Every structure is written in structure tokens, then in C-alpha cells.
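Please look through the sequence and the 3D structure below before reading on. The paragraphs that come after are meant to be read with both in view.

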Amino acid sequence: MTGGLSVAAMLGELGLDPRKVAVERNLEIVPRGTLGDVAVAEGDAFEIVHFVGGG
Amino acid sequence: MNAPQSMSSDSWTVAGRTFTSRLIVGTGKYKSLEENAAAVEASGAEIVTVAVRRVNISDPSQPMLTDFIDPKKITYLPNTAGCFTADDAIRTLRLAREAGGWNLVKLEVLGEAKTLYPDMRETLKATEILVKEGFEPMVYCVDDPIAAKQLEEAGAVAIMPLGAPIGSGLGIQNRVTIRLIVEGAGVPVLVDAGVGTASDAAQAMELGCDGVLMNTAIAEAKDPVLMARAMKAAVESGRLAYLAGRMQKRRYADPSSPLAGLI
């Protein structure tokens with residue numbers, strides 16, 4: 001991941017709609033309202049999830 | 001639980017949300033999202049369970065469940081299927097809450113892959129933590145009246161005992177314990193897992209359950225949309241029969257026609 005990028009910008013680069021996903025950064029939830037404020041740093045571990053069919 | 005004046009006024013309430021349909025359906029195992037949506041429509045369900053999974057960043061444009069089943073019309077109930085520890089389940093639901101924006105969730109913490117039987121120690125632990133964090137967990141559990149009570153005391157907003165193992169379609173294996181759970185519960189009780197066909201769903205409702213949750217019984221039917229209709233009718237029939245109050249069983253016959261005036 002390149003430095004200086006916000007999480008929102010990263011989602012945009014990946015082609016993901018921020019309204020449809022949830023993001024966890026280094027095991028902490030990144031609240032939707034702060035996706036544009038949180039910068040992506042070298043070594044960050046992300047989980048990006050959404051709802052899929054399930055029981 | 002009071003008998004309603006008419007079927008149209010027969011609703012149930014979980015964590016302050018009131019629903020008319022007593023059938024909750026899963027959204028897994030369907031051949032296509034179109035078939036899934038058609039089955040949900042036919043089932044009349046107002047709540048669907050959904051899973052939380054990683055997005056496929058190599059193909060972000062692939063169709064999404066939310067494009068076919070509108071979360072504004074149907075309540076999405078995020079589920080922790082596939083979680084084997086309290087920590088994994090809690091982490092999954094924190095993400096689900098962020099993705100969806102609501103606190104009503106389904107908790108299931110499984111003990112082993114072979115039976116998918118719930119791990120009640122981890123389930124109870126997760127329930128306590130989730131409630132502290134403001135979640136409203138509907139909790140999948142064993143058909144054990146004591147465990148059910150403990151979950152309720154921990155803050156579960158609904159108790160969801162298995163009828164039989166997940167995906168087995170074996171039907172309700174222990175009617176006695178399901179009934180004991182219903183009688184002891186102060187929150188809604190829904191049979192979750194094990195339903196195979198319409199009569200199983202009707203039986204759950206006849207035992208006094210507030211609802212039934214199923215996935216495989218519909219998704220793996222030869223005609224899922226038709227089975228969804230069958231399940232809708234079965235849940236309604238079972239509910240009506242429960243409210244009507246069934247006749248007492250007798251060990252011997254009792255004629256339906258009068259004996260007086262017999263030629």
C-alpha cells in the first residue's frame with residue numbers, strides 16, 4: 001500500500017463502494033464517517049468485508 | 001403470549017422491532033442471486049440472515065446480494081456462521097454493525113465442523129460481551145432449557161435452539177426440550193436449523209415457537225421458490241393450530257357421528 005492515501009481513497013482505487021463495505025485496520029474498525037480521514041500507513045493490515053448470502 | 005383477534009394482528013416482537021412473518025430465511029446455497037431473491041419473496045420473510053465475508057478485490061464489480069434483496073425492505077440479520085470462537089464471532093459482528101449500521105444480529109459460535117453443534121461456553125461468553133457493546137443478539141443454541149435460560153439472563157434478545165444439526169434436514173429431534181425452552185423463555189424462541197420440509201416448520205410452530213429460521217430446506221429443494229411458498233404456509237398453519245389449541249390425544253377411537261338414532 002502506498003503511504004499518504006486515505007482509506008476512502010484506497011477503497012476507491014479498489015473499485016469498492018464505501019457504503020457497502022466495512023473496514024477493519026489493524027484489528028480496529030474504521031468508522032464509516034472517518035474513512036476519508038484515516039491515512040493508510042506502511043504495514044497496515046486491512047480486512048474489507050461485505051454481506052454475502054449465508055444461513 | 002395472547003391469542004390474537006385475527007391472523008392479521010398476529011405479530012411478534014424482537015428487541016423492539018415488530019414483524020408479521022414468523023419465517024426467517026437464510027440466503028446461502030442458492031444457484032443464483034435471482035433464485036435467492038425469488039425464494040425470499042415467495043417465503044414472505046421480513047428478515048433474512050446474511051454472512052459477513054471478505055470482498056473480492058480482484059472483481060469488485062461482481063453482483064452483490066444487496067442488489068437483489070433490498071436491505072431497506074428486508075431486515076438483514078448478520079450471522080456469525082463459520083466462527084468457532086467468541087473472539088471471531090465478536091469481531092465479525094463488529095464489522096457487520098459497521099457495514100449495516102444496526103445492532104440486531106445473529107450469534108452462532110460453533111464447536112466442531114462435523115456436527116456444527118454450538119459451543120455453548122463460547123456462545124455464552126460472546127453473548128455477554130456483545131450485550132455490553134450494545135448489540136442485540138439473537139442466539140443460536142443447543143436445545144437445552146438451562147442453556148437457553150442462561151443466554152436470556154445474559155441479554156440474548158431471542159433464543160434460537162437447533163431442531164437438528166445445521167443443514168441436516170432431519171426435522172425437530174427433541175420436541176420435549178423445544179417446548180420446555182418455549183415455556184421458560186421471556187424472549188422470542190425460534191427453531192433455527194434442522195428443518196427439512198414443511199411439516200417440520202409446522203411442528204415448530206405447534207410447539208409454541210415464535211418463529212422458524214431455515215436456509216437449506218428451501219435452497220436445496222428441487223424447486224426452492226415452491227418450497228419457500230410451502231414453508232410460508234406451514235409456518236402460518238402451525239401458528240394457527242397452536243393458537244387454536246389442539247384436541248387432546250386419546251388412546252382409542254371416538255366416533256365423529258352421533259350414536260343416537262343409529263338404525
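What follows goes through helices, single residues and aromatic rings in turn.

This is a predicted model, in which local features need pLDDT of at least 70, side-chain atom pairs count only at pLDDT 80 or more, and totals for chains, interfaces and linings use all residues. Residues are numbered from 1 along each chain as its sequence is written, chains are lettered from A and ligands numbered from 1 in the order in which they are written, and side-chain values use heavy atoms, with hydrogens and water left out.

Start with helix α4 of chain B, which runs over residues 120–132. Helices (H or I, at least four residues) and strands (E, at least two) are DSSP runs, numbered from the N terminus. α4(B) has 13 residues and spans 18 Å between its first C-alpha and its last, close to the expected 18 Å at 1.5 Å a residue. The expected span of a helix is 1.5 Å times one less than its number of residues.

Which residues of α4(B) are buried? They are M120(B), E122(B), T123(B), A126(B), T127(B) and L130(B). Buried means under 20% relative accessible area, exposed means over 50%, and partly exposed lies in between, with a 1.4 Å probe and protein chains only. Why do these residues lie on the same side of α4(B)? They do so because they cover an arc of only 150 degrees around the axis. The arc is that of the directions from the helix axis to the C-beta atoms. On the face turned away from the buried side, α4(B) carries the exposed residues R121(B) and K132(B). The cover over the buried residues of α4(B) includes α3 (86–100), β6 (104–107), β7 (136–141) and α5 (145–154) of chain B.

Both ends of α4(B) have something to show. D119(B) caps the N-terminal end, with a side-chain oxygen 3.1 Å from the backbone nitrogen of R121(B). This is a polar contact, meaning a pair of N or O atoms within 3.5 Å; within protein, one must be able to donate a hydrogen and the other to accept it, and residues adjacent in sequence count only if both atoms are side-chain atoms. After α4(B) comes G134(B), with a positive phi near 90 degrees.

Helix α3(B), one of the elements that cover α4(B), has 15 residues and reaches 21 Å from first C-alpha to last, close to the expected 21 Å. Its buried residues are A86(B), A89(B), I90(B), T92(B), L93(B), L95(B), A96(B), E98(B) and A99(B). G100(B) also belongs to α3(B), but G100(B) is partly exposed, at 21% relative accessible area. Between G100(B) and Y76(B) there are 8.0 Å in space, C-alpha to C-alpha, and the two are 24 residues apart in sequence. Just after α3(B), G101(B) has a positive phi of about 90 degrees.

E35(B) is in helix α1 (residues 33–43) and is buried, with a relative accessible area of 18%. Its side chain reaches the backbone nitrogen of K31(B) at 3.1 Å. Apart from neighbours within four places in sequence, E35(B) is in contact (heavy atoms within 4.5 Å) with Y30(B), P224(B) and V225(B). R239(B) is in helix α9 (residues 224–244) and is buried at 3%.

Now turn to chain A. Where is N26(A) found? It is in the loop between β1 (22–25) and β2 (28–30), and L27(A) is in the loop between β1 and β2 too. N26(A) has a positive phi of about 50 degrees although it is not a glycine, and L27(A), not a glycine either, has a positive phi of about 70 degrees. N26(A) is partly exposed at 36%, whereas L27(A) is exposed at 63%.

Last come the rings. Rings of Phe, Tyr and Trp (its six-membered ring) pair if their centres lie within 6.5 Å; planes under 30 degrees apart count as stacked, over 60 as edge-to-face and the rest as tilted. By this rule the count comes to 3 aromatic pairs over all chains. W12(B) and F19(B) form a tilted pair, 5.8 Å centre to centre with 40 degrees between the planes, and both residues are buried. F51(A), Y76(B) and W102(B) form one aromatic cluster.

A charge sits over a ring if NZ of Lys or CZ of Arg is within 6 Å of the ring centre and within 35 degrees of the ring normal. R97(B) lies over the face of F135(B), 3.8 Å from the ring centre, and K106(B) lies over the face of Y140(B), at 5.5 Å.
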